Structures are given as C-alpha cells and as structure tokens.
Amino acid sequence: MELVYIKHGSGSRYIGNNISPFAAGEVILLGENIPHIWRFNKDTSAKGHQMDAEALSIHFHPECLGKDIFQLQEAYLLPRLFEKAKSGLLIEGDAREKVARLMLDAMEATNLDRIIILLRILKTLAESSDLTPICISHNVPPKSSEYDQARLNEICAYTLSNYKNDITLEEISAISHLSTTSFCRYFKSMTKKTYYNFLNEIRVSQACKLLIEDKIPTNIICFESGFNNISNFYRHFKKVTGVTPFEYKKKYLSC
C-alpha cells in the first residue's frame, strides 16, 4: 500500500480509472495493485535548487504489523480501511492535515517511533469520515502482475508526456512491446476503457487546469491540450466532465 502527500507542485494524476488534476497539500491512500502515476507541471519560476515539485510517500504491506492484528477487537476498523483503499482514497478535512503532519514527523523518526507514527496514521484514517473514493468501485482495475503494472505505468508516462501529439495505436503499441491487437485487448482489460478514451481524458484534464488558471483563451487551450479542432475539443470536454468549457470555468472561478 502507498500513502502519498504532495508537499509542492501541481499536475495531473492517473489512479485506476480516474484522471484528475492535483495540487499541493493533497494526501492519498492507495491500496494494493492500483496502477498510478503522477505528472507534475514544470514551475518556470523555480530558480537554482528550489524544488518545483516535492512529494512524500510511505509504502507498507497490509500485513506488516502481522496477520493477528486483524483478529484484535481494537483493530476492527483496519480491514475496512484497507478494503476501501482498493479504490484509492482522497483524504480531506482534518484528517488530511493530521496525516500530513505525521508523515513529516516520520521523516525524522527512527526505530520504533516510525512504527508508532504509522499506527497513528492508520488510526486517524480508520476513524475518519473524510475519505473519498477515487475510482468507481465497479471499474476498479483487476489484480495484475508487477510486470503488467510496470507496462501500464510506462504507457501512462509516455501518454502524459506526449498528449499534445497525435499518438497512433501503432506508436503506443510499440512502446508497450505488443501488437496493436494485443495492446488494445491488454489496455482494455487493465483500465476498462479504450486507449483513445484514456488519451482524451488526459487532454481534458489538462484543459481543466488551463481553464482554472485563466491565463489564455479557450480556443488556444483547445490546441494546448492536444485537440486538433474546436468542435472535437468541446465534444470530448462535455463527454468527460458533463459541462462545457465555459460552464466549467465559470463554476471554478466563482468558488
């Protein structure tokens, strides 16, 4: 399992079947076997050794405290937490602030203190109601081998780096070391969506970020996000978000 805290930076993240923008301060708990990757935006204002992106992560096995802990009456909330985490959990509210502080404390801790901090983190999460599932439960990707997950992460990383280009199935299949037919079958089995649906979701996610920043016109955002014409941009944007770019921008800028 993996607990991630974004200290600095923003960008897009792909977790399971979900593609969303992220920002500094975000805390996420990932269960077992969830494909995931973060793509940070480059901060052109960062100078010298100043970091434009920084994240902390804690990796642990669900049974790192021993199988018997799940039999204890006092720990009955842990199996529930780990089951929820299979869909990925966005941690919000007071729990987010508390977990972020504990993760920072863990960096300085040693020996048993690190285990104690992990227990405090798990206690905070298990007792919190501020946990939002990231993946749609019935579309959570199936369990897969480490090789399949590594291959999917490579596909995601390549797509996130090249979404502005016209990526063909032949091109992405070659990256995956698969034939086009095998690639389409593999990608659909891993993500429950076609590759082009996935690519368009990434492009829409980038468009959402640019709309919220409100620095360039919508017709320029269309091409900056990888769409080749305005009508395609509007059609895919509404399909993914349920609203038009104008409605999306109005909603978030009025918050």
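Colleague: Is Pro-133 buried or exposed?

Modeller: Buried means under 20% relative accessible area, exposed over 50%, and partly exposed in between, with a 1.4 Å probe and protein chains only. Pro-133 has 53% relative accessibility, so Pro-133 counts as exposed. Keep in mind that this is a predicted model: local features need pLDDT of at least 70, side-chain atom pairs count only at pLDDT 80 or more, and totals for chains, interfaces and linings use all residues. Residues are numbered from 1 along each chain as its sequence is written, and side-chain values use heavy atoms, with hydrogens and water left out.

Colleague: Which strand holds Pro-133, and which residues is Pro-133 in contact with, leaving aside neighbours within four places in sequence?

Modeller: Strands (E, at least two residues) and helices (H or I, at least four) are DSSP runs, numbered from the N terminus. Pro-133 lies in strand β8, residues 131-133. Contact means heavy atoms within 4.5 Å. Leaving aside neighbours within four places in sequence, Pro-133 is in contact with Ser-87, Gly-88 and Leu-89.

Colleague: How do the axes of α1 and α3 cross?

Modeller: Axes are lines fitted to C-alpha atoms, for helices over the stretch in contact, and angles run from 0 to 180 degrees between N-to-C directions. Under 35 degrees counts as roughly parallel, over 145 as roughly antiparallel, 65 to 115 as roughly perpendicular, and the rest as oblique. Here the axes of α1 (residues 77-84) and α3 (residues 112-127) come within 9 Å and cross at roughly 80 degrees. The two helices are therefore roughly perpendicular to each other. Leu-77, Leu-78, Leu-81 and Phe-82 of α1 make the contact with Leu-122, Leu-125, Ala-126 and Glu-127 of α3.

Colleague: What lines the largest cavity?

Modeller: On a 1 Å grid over the protein atoms alone, a cavity is a set of points where a 1.4 Å probe fits but cannot get out; a pocket is an open set with protein on both sides within 12 Å along at least five of seven lines; lining residues have an atom within 4 Å of a point. The largest cavity is lined by Pro-62, Cys-64, Leu-65, Ile-69, Phe-70, Leu-78, Phe-82 and Leu-122.

Colleague: And the largest pocket: how many residues line it?

Modeller: Its lining has 31 residues, and Ser-20, Pro-21, Cys-208, Tyr-248 and Tyr-252 lie nearest its centre. Helix α7 gives the most to this lining, with 7 residues. At least two residues each come from β3 (18-22), β7 (89-91), α7 (195-213), α9 (230-241) and α10 (245-253).
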